[in-house]
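Here is a short briefing on one protein chain. Look at the sequence and the model first, then read on.

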Amino acid sequence: MHKTAVINRTRYTLLSDRRRALFELHKLTESIRTHARYEAAAACCPGLEGLVSDQFAHTSGALCGRACQASNPVLERDVGHLYSSLAALAKVWVALEDAHDLEPLVAAYYATF
């Protein structure tokens, strides 16, 4: 197989994964914000809104603006970042569903800064 074909096929797969991850990230963010326990949890845990907003804000604009010009390694990093954002939001969703305390999750998020 020709090297350019492999690069283009990889690029197409990465762009497709990226598009799918952005869609899922947007959907999960909206699901969290409309969850029945979200408002009460955000009132009790002030950093929760920042955690949820940051996951989507750090990806949507910056990634979309450069996708067509990005190299495959950059796209791989972006896809990895999107999936880690999805994982962080999934933890928030599970905590909301199971009525767990969100304070440790939020504290761990802000401790990474």
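Is Glu49 buried, partly exposed or exposed? Glu49 counts as partly exposed, at 31% relative accessibility. Buried means under 20% relative accessible area, exposed means over 50%, and partly exposed lies in between (1.4 Å probe, protein chains only).

This is a predicted model: local features need pLDDT of at least 70, side-chain atom pairs count only at pLDDT 80 or more, and totals for chains, interfaces and linings use all residues. Residues are numbered from 1 along each chain as its sequence is written, and side-chain values use heavy atoms, with hydrogens and water left out.

**Overall build**
- The chain has five helices and zero strands. Helices (H or I, at least four residues) and strands (E, at least two) are DSSP runs, numbered from the N terminus.
- Buried residues make up 34% of the 113 residues.
- The chain exposes about 6800 Å², and carbon and sulfur atoms supply 61% of that area. Accessible areas come from the Shrake-Rupley method with a 1.4 Å probe; for residues, only the protein chains shown count as cover.
- Take the contacts with a separation of 6 or more: residues 24 or more positions apart account for 78% of them. Contact means heavy atoms within 4.5 Å.

**Nonpolar cores**
- A nonpolar core is a set of buried Ala, Val, Leu, Ile, Met, Phe, Trp, Tyr and Cys residues joined through side-chain atoms within 4.5 Å.
- The largest core has 20 residues, and Ile32, Leu48, Val52 and Val92 have the most contacts inside it.
- Helices H1 (3-33), H2 (38-44), H3 (48-66), H4 (72-97) and H5 (103-111) each give two or more residues to this core. H4 gives the most, with six residues.
- Beyond its neighbours within four places in sequence, Ile32 is in contact with Tyr38, Val52, Leu89, Val92, Trp93 and Leu96.
- A second, separate core of five residues includes Leu14, Ala70, Val74 and Val79.

**Salt bridges**
- A salt bridge is a side-chain nitrogen of Lys or Arg within 4 Å of a carboxyl oxygen of Asp or Glu. The count comes to three salt bridges.
- Arg33 and Glu49 form one, at 3.2 Å from N to O. This pair links distant parts of the chain: Arg33 is in helix H1, Glu49 is in helix H3, and they are 16 residues apart.
- Arg20 and Asp17 pair at 3.3 Å, N to O. Both lie in helix H1, three residues apart, about one turn of the helix.
- Glu24 and Lys27 pair at 3.7 Å, N to O. Glu24 is partly exposed at 31% relative accessibility, and Lys27 is partly exposed at 41%.
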